[in-house]
Amino acid sequence: MNEQVLEGSMAKEFESSVNSILEFMQNAPKRLEELSKELSEIDLEITDVQHYIEFIGNDENTGFNAAEGFFLAKELQNLFKKRRKIKDETGIIESTFTRFSCAIGGVKKVESLKQGVDKSIKENSNKGYKPRVRIDLFERIKHRVNIIE
């Protein structure tokens, strides 16, 4: 079976799926670490704004007016939205990673699966036919079919 036959086949689709799962399994821990750092940074920003609001209101002369209050509320709202987006992505990645790990057995198992798929495709791509008697029949199509001499 040559590469043209494999294109668009179920084997190629499966190979692509395995590659995508493997890429996800390999990259998920790093992405979770990045998201954790982003979440910590957002939490620190939120804490700063909250403390600013707390401390500025301690004195009647240094309080904030309605416009400043609105600005601070909007800033907190934007920070909360960023935080929610990070938490949502983290939840999806953690859940998916855990499910794949339980169902498949982790990155090593996916790598092993990928090697098996690659081997099967390679073996089938190199298949050929050795004519037994009528070699003359295959002269015309030997450019399309792997003829073993």
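1. Which residues does L35 touch, not counting residues up to four places away in sequence? In this predicted model, the residues in contact with L35 are I86, E89, T90 and I93. One of these, T90, is found in helix α3, and with a relative accessible area of 17% T90 is buried, because buried means under 20%. Leaving out residues up to four places away in sequence, T90 touches L32 as well as L35.

2. On confidence, the pLDDT of the protein averages 83, and 87% of the residues score at least 70. Among the elements of the protein, α3 has the highest mean pLDDT, 93, whereas helix α1, residues 3-6, has the lowest, 52; a reader new to the structure may wish to keep these values in mind for the points below.

3. Helix α3 holds 39 residues, which at 1.5 Å a residue should span 57 Å, and the distance of 56 Å between its end C-alpha atoms agrees with that expectation. At the start of α3, a side-chain oxygen of N65 comes to within 3.0 Å of the backbone nitrogen of A67, while after the helix comes G105, with a positive phi near 105 degrees.

4. The buried residues of α3 are G69, L72, L76, L79, I86, T90 and I93, and they pack against α2.

5. In soluble globular proteins, nonpolar side chains tend to be buried together.

6. The structure also holds one aromatic pair. The rings of F24 and F100 have centres 5.9 Å apart and planes at 65 degrees, so the pair counts as edge-to-face, a class that applies to planes over 60 degrees apart. The two partners lie 76 residues apart, F24 in helix α2 (residues 10-56) and F100 in helix α3 (residues 66-104), and the pair therefore links distant parts of the chain.

Notes: Residues are numbered from 1 along each chain as its sequence is written. This is a predicted model: local features need pLDDT of at least 70, side-chain atom pairs count only at pLDDT 80 or more; totals for chains, interfaces and linings use all residues. Side-chain values use heavy atoms; hydrogens and water are left out. Rings of Phe, Tyr and Trp (its six-membered ring) pair if their centres lie within 6.5 Å; planes under 30 degrees apart count as stacked, over 60 as edge-to-face and the rest as tilted. Helices (H or I, at least four residues) and strands (E, at least two) are DSSP runs, numbered from the N terminus. Buried means under 20% relative accessible area, exposed over 50%, partly exposed in between (1.4 Å probe, protein chains only). Contact means heavy atoms within 4.5 Å. The expected span of a helix is 1.5 Å times one less than its number of residues. A polar contact is a pair of N or O atoms within 3.5 Å; within protein, one must be able to donate a hydrogen and the other to accept it, and residues adjacent in sequence count only if both atoms are side-chain atoms. pLDDT is the predictor's confidence in each residue, from 0 to 100.
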